Amino acid sequence: MNDILFTPLRFDRGPALKNRILLAPLTNEQSNEDGTASQDDFDWIETCARAGYSMVMTCAAHVLENGKAFNNQLGIFDDKHEPGLRKIADIIRKHGGVSSVQLHHAGMRAQFNGETPNIGPSAIAEYNTRALALCEVEELRDAFIEAAARAERAGFDGVELHGAFGWILTQFLSPTLNRRTDRYGGPLENRVRLIFEIIDGIRKRCRPDFQIGVRFSFERYGQTFEDVYRVCEMLVEEQKIDFLDLVPWDVKKAVDVGPFAGRKMLEVFSQLCGTSVKVGTSGKVMDAQTLLSVFDYGLDFIMIGRSAILNKDFLSQVLSTPDYLSPKTPVTKHHLRQQGLSDAFIKYLANWNGFVE
Ligand SMILES: Cc1cc2nc3c(=O)[nH]c(=O)nc-3n(C[C@H](O)[C@H](O)[C@H](O)COP(=O)(O)O)c2cc1C
């Protein structure tokens, strides 16, 4: 099994990955109040980088102050964030990992402060959201590009655009949340324009070997599987990004409605493989058999989230012990502390249904 997993993953741009198992982006609410990285951030990143994940991605980092979704979220919208980010990139490099920052803006789902409305593609009363003016969409685009440039300056190998889970890039993609009539709304080609312009901007602004990934999910927020799949095809055709990170939340899931109904999501994702844009996924990989099944479908990489939290040695254990199984949740706080999690991270995990005892 180690043959597949330890075949380096080479990209057209930037460093190759030493293995096919990456750390998923994991929000942990442990940065300082102003979004600068804390000692807890450094310790957690070190725990994961030391564990051997070939790419270590940060938690979602907001590219504008008004895009914050979580308490004590990592920020990347100001020069004050750069020293902490540099330290994170240094730690990952020291352990032989490739580093990436996940770029995020919560849009209409930002932390509501009760006074100013949140921003989004369109005005939506239930979210207290006002529509961005055209020039503000351009500013948002530029904030993503500026954040990528900041990540580059801090020594990261690349960034991932967070286009999943209903955050602002999903909101633009969504035919129900995006009701604009300008060039960023209407047909799919317009709804996807923001993402494509951000990618173009990063390519112009950052060094040629800077890696760009894009993350998508396929459900909720008015999205259809086939629409998101079409966007993936467009990105693969364009060849301007280096990887697609597609999240079904459970790698065994099948598509439930539409033209792909009944087909395993991984089987559909595999149709996107075979070009310079590498394709990976994540979702409930708790044992070796499930881990390997991802590669049976021909995908290029797997990202590990919950199993990495539940056991800091998940990677070595799953590789050495064929019948290894991640600890069953809920687990105790004591257990999580032993895995190197901070009290802040454990407190955040307590919000996740059934995770912490
Ligand atoms: C505690 C926690 C925090 C997460 N934070 C993020 C995040 O910041 N950005 C993101 O795109 N996904 C986030 N996710 C989703 C994971 O990256 C991953 O895709 C998902 O958990 C499925 O993989 P898993 O079953 O291996 O955990 C989070 C998941 C968990 C459990």
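Predicted model: local features only at pLDDT ≥ 70, side-chain atom pairs only at ≥ 80, totals over all residues.
Reader: Where is Tyr221 found?

Author: Tyr221 is found in the loop between strand 7 and helix 8; helices (H or I, at least four residues) and strands (E, at least two) are DSSP runs, numbered from the N terminus.

Reader: Why is Tyr221 called partly exposed?

Author: A residue is buried if 20 or more other C-beta atoms, placed from the backbone, lie within 10 Å of its own, exposed if 12 or fewer, and partly exposed in between. Tyr221 has 17 C-beta neighbours inside 10 Å, so Tyr221 counts as partly exposed.

Reader: What makes Arg220 count as exposed?

Author: Arg220 has 10 C-beta neighbours inside 10 Å, and therefore counts as exposed. Arg220 lies in the loop between strand 7 (211–217) and helix 8 (225–238).

Reader: What is phi of Arg220, and what is phi of Tyr221?

Author: Phi of Arg220 is near 65 degrees, and that of Tyr221 is near 55 degrees. Both are worth a look because most residues other than glycine have a negative phi.

Reader: Which peptide bond is cis?

Author: The bond from Thr329 to Pro330 is cis, with omega near 0 degrees. Pro330 sits in the loop between helix 12 (314–320) and helix 13 (333–338).

Key:
Residues numbered from 1 in each chain as written.
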